[in-house]
Amino acid sequence: MDNSLVYKDSVEFSGLNPNLSPGLNNMKVFMQMDTSVKFNSPVLRTFVKNKISGAVTKFKSDLPVLTNNTLYFWRARSAVNNDTTNWSGTQRFVYNNGSGTGDGKMRFINSQISAEISKFSYSQYNEADFDNTEFSGNDIRLSESPVTLIARSYGSNGEEASYFSVGKTNIYIDGGMNTGLNLIKVKKLTGSVLTFKNFKMTSASSSDSLLTFLNSFDTTHFLMLLNAAYVPGGTNLSSAVKSKLRQFGSIYCDSIGIMSYFHSWSFIGYFGASGSDASEAFDPCCRTSPGCVSCDHWSEAVCTKNVVFKKLYGTLTNIIGPAQTWSDFSWTQNIPEGSSLKFDVIGIDRLNIETLLIPDIQTNTFADISKINAVQYPKLKLLAKFSIDTAAGIQSPVMNLIRINYFPATELVLDRNSVIPELTGKSSKERSSSGFSFDYYNSGFAYLNGVIVNVFNKSVNDTNILFSDTVFSILKTDSMKNYSAIFKKPLFTDSTRIIIQIKPKDDPNEFFSYNNFAEYSLTATGKIRNNISAEVLSDGKKLNSGDNVRKNPELKIILYGDNNLSLESDTTQLVLRLNDSYIPYFSKGLKNPAVNFADNSDRKSGEGMKSVMFYPELKNGNNRLEIVYRNNYSETDTMVYDVIVSEITGISDLYNFPNPMKNETNFIFNLTSPENSGNLKLKIYSVSGKVIRIIDFPFVAGMNQINWDGKDSDGDIVANGTYLYKVVVENGSEFESEVQKLVVLK
């Protein structure tokens with residue numbers, strides 16, 4: 001639950017464990033907490049659990065900073081068999097001692113835990129939440145854009161083209177078009193280009209038309225003007241036009257000569273401006289007389305003016321949930337005359353379809369959303385709408401803080417590692433039935449009034465249901481129960497897949513639903529047949545979704561668990577897709593050089609293993625690799641990896657654990673690079689800056705882990721104290737990570 005208020009001086013974090021067997025895997029779970037979003041402040045704390053069991057791992061810690069409205073950040077990661085995953089997405093919470101909020105420490109109301117969300121900092125939002133809005137100090141307001149207005153007067157072709165520049169809008173006088181005098185009317189508040197006019201200025205009526213256009217301006221407009229030579233047969237500006245231009249701040253309008261010739265003149269001003277308020281540039285083609293018709297030179301005239309434009313309408317998105325029930329929300333605001341701030345409450349159903357439920361809420365002290373059906377709309381989008389009515393004012397409305405009260409959803413977890421199938425018995429009755437048991441947990445924020453257990457054959461479908469049972473006992477939060485039952489075996493020849501589903505009674509909302517399932521295989525012999533499992537190695541390291549890799553990695557895809565796999569003769573047993581494109585083994589009768597069946601002579605005795613080498617060409621940015629594998633029993637599974645290729649070499653998330661260290665420590669960091677070329681060095685220094693140890697290690701993009709035995713370059717154990725370290729990349733140009741600290745304490 002992101003951005004929640006914490007009222008106590010300690011906090012407990014809960015995270016779902018990796019869905020792997022602790023008995024078969026060496027697993028660790030890490031957690032970090034800090035007041036810096038970069039996790040590099042002096043109060044950074046790192047925690048680890050080496051013994052993983054059950055569905056949830058919890059960490060409890062006191063809070064190092066107890067100043068009200070302190071914003072904390074936290075994240076987690078796991079290490080499985082010494083392979084470290086990327087950090088999870090960063091979550092946030094706000095410390096507040098509860099003063100002025102009533103009895104904030106009483107979080108349980110009946111069987112539900114209340115939650116209060118508090119958002120007041122830019123770090124609590126995502127960039128996509130802002131649309132024409134921004135943070136200015138501690139305030140959220142309509143966006144303001146500093147812009148340089150430019151008017152260039154010259155010619156009308158190529159490099160000599162004249163142009164206007166208004167923020168992202170550019171108007172070029174090019175290709176011989178619109179020669180002569182060009183003017184645009186720009187909205188002073190927003191920068192909108194309202195009108196573009198071109199005047200050839202070849203007769204007295206041209207000045208009349210120009211004067212009519214100038215009379216349409218008021219103090220809310222900028223006038224931008226430029227002369228683009230050349231127009232045959234021109235005339236001078238009338239005295240009435242010159243008089244009007246002086247009212248916009250022009251000082252050179254009296255100097256401009258025949259408008260058809262090569263005089264360059266640009267101007268930016270507004271009605272009522274003085275000469276110092278305007279910007280103007282003028283260069284006559286002849287120095288001797290403004291009425292000349294022959295040139296001794298030709299120069300551009302460029303004027304600029306720095307301005308700030310405002311958006312008149314914008315939004316800020318707050319998505320909350322899933323909830324068990326909704327309560328209310330409020331916000332603090334400052335509404336100048338002519339501006340408004342309203343909220344739309346938009347319901348998001350379980351299919352992520354949005355429906356407007358309550359429009360245009362303006363009462364900011366207590367907006368009641370308790371009547372919204374949370375089962376129908378487990379998430380809400382609270383859309384703040386900022387607007388300015390320029391007829392009444394020009395100041396943006398301001399929002400400082402939003403607080404939301406609701407009761408978060410449940411979270412039912414079936415511990416897959418606890419599933420015990422009992423497949424056979426001696427009597428005919430026992431042989432015709434099958435028993436099973438498992439543990440299940442309530443890791444959510446509300447009591448469960450019971451659970452429903454379903455058993456399916458082959459797939460989750462009403463036509464394939466074998467058994468259904470409802471358990472009516474209450475399951476409190478942070479508690480666990482065991483379930484066991486017997487069901488009648490389905491008819492099958494050799495083997496079949498059994499799927500167990502558990503879901504909350506009465507269908508309340510859950511944070512996740514993927515962990516409500518477990519499966520195993522029934523065989524005719526009564527033995528559990530291991531399902532196929534798979535792993536992927538990238539340049540010799542286990543690949544995890546979210547890892548950084550090089551542009552041309554060497555991927556080894558390994559399938560375990562079935563001695564009868566025959567990938568060479570049946571390529572449908574392993575299907576590869578890269579960025580939604582199928583990767584063929586053969587094309588037009590020729591073998592695809594990017595895919596090779598690997599030598600499997602290194603497999604363990606008695607263990608089915610097949611592997612394929614894949615040499616993809618990845619694009620910069622995110623890439624999606626899908627692996628669909630099927631065994632000889634027609635059981636299929638899919639693994640999806642999102643991997644990232646960076647165009648630049650860099651190091652992030654560098655830290656060491658344990659810290660303080662006693663005998664040894666591990667340095668962990670993420671290396672981004674388009675290629676695996678270069679040298680990496682870990683350098684450890686004394687606080688005086690002396691290098692005490694340099695460790696060389698392979699250059700491999702992705703997560704890296706380096707062990708240090710606490711010895712210096714002479715092989716001596718270092719003394720207690722504080723040391724510094726950094727990672728240095730040498731691949732043509734040297735790159736260094738930020739310097740970090742570690743403590744040796746024995």
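Start by selecting Val-643 and whatever touches it. Leaving aside neighbours within four places in sequence, Val-643 is in contact with Leu-543, Asp-547, Val-549, Leu-618, Gly-621, Asn-622 and Asn-623, where contact means heavy atoms within 4.5 Å. Val-643 sits in strand β48 (residues 636-645); strands here are DSSP runs of E, at least two residues long, and helices are runs of H or I, at least four long, all numbered from the N terminus. Now pick Asn-623: its C-alpha is 5.3 Å from that of Val-643, although the two are 20 residues apart in sequence. Is Val-643 buried or exposed? Val-643 counts as buried, at 6% relative accessibility. (Buried is under 20% relative accessible area, exposed is over 50%, and partly exposed lies in between, with a 1.4 Å probe and protein chains only.)

A quick word on what you have open: this is a predicted model, in which local features need pLDDT of at least 70 and side-chain atom pairs count only at pLDDT 80 or more, while totals for chains, interfaces and linings use all residues. Residues are numbered from 1 along each chain as its sequence is written, and side-chain values use heavy atoms, with hydrogens and water left out.

**Next stop: a sheet**

Switch to cartoon and look for an open sheet of 5 strands, in the order β12-β24-β29-β26-β27, with antiparallel pairing. Its edge strands, each pairing on one side only, are β12 (130-131) and β27 (354-361). Two strands count as paired if DSSP finds at least two bridges between them. Now colour β26 (residues 339-348) and β29 (residues 379-388): these antiparallel strands are joined by 10 bridges. To see one of the pairs, select Gly-347, whose bridge partner in β29 is Leu-380.

**The cores**

Which residues touch the most other members of the largest nonpolar core? They are Trp-326, Phe-329, Phe-343, Leu-380, Leu-382, Met-399 and Ile-402, out of 30 residues in that core. Elements giving two or more residues to this core are β14 (139-142), β24 (313-320), β25 (323-334), β26, β29 and β30 (398-408). The largest share, 5 residues, comes from β29. By nonpolar core I mean a set of buried Ala, Val, Leu, Ile, Met, Phe, Trp, Tyr and Cys residues joined through side-chain atoms within 4.5 Å.

Click on Met-399 and show its surroundings. Beyond its neighbours within four places in sequence, its contacts include Tyr-125, Ile-140, Leu-316, Trp-331, Leu-341, Phe-343 and Phe-386. A second, separate core has 24 residues, among them Tyr-585, Leu-625, Ile-627 and Val-645.

**Salt bridges**

Time to show the charged side chains. The whole structure has 22 salt bridges, each being a side-chain nitrogen of Lys or Arg within 4 Å of a carboxyl oxygen of Asp or Glu.

- Select Asp-62 and Arg-45, whose side chains meet at 2.5 Å, N to O. Asp-62 is in strand β5 (residues 56-62) and Arg-45 in strand β4 (residues 45-49), 17 residues apart. Both are partly exposed: Asp-62 at 41%, Arg-45 at 25%.
- Select Arg-497 and Glu-519, a salt bridge at 3.6 Å, N to O. Arg-497 lies in strand β36 and Glu-519 in strand β37, 22 residues apart.
- Select Asp-539 and Arg-550, with their closest N and O atoms 2.9 Å apart. Asp-539 is in the loop between β38 (533-538) and β39 (541-542), and Arg-550 in the loop between β39 and β40 (555-560), so the pair ties together parts 11 residues apart in sequence. Asp-539 is partly exposed at 21%, whereas Arg-550 is buried at 17%.
- Select Glu-12, Lys-58 and Asp-478, which are linked in a network of salt bridges.

Most residues other than glycine have a negative phi, and most peptide bonds are trans. Zoom in on Gly-321 and Pro-322, joined by a cis peptide bond with omega about 5°; Pro-322 is in the loop between β24 and β25. Another cis bond runs from Asn-659 to Pro-660, with omega near 10°.

For positive phi, go to Asn-132, near 65°, in the loop between β12 and β13 (133-136). Then visit Lys-458, at about 75°, in the loop between β33 (451-457) and β34 (465-471). Lys-458 counts as exposed, at 52% relative accessibility.
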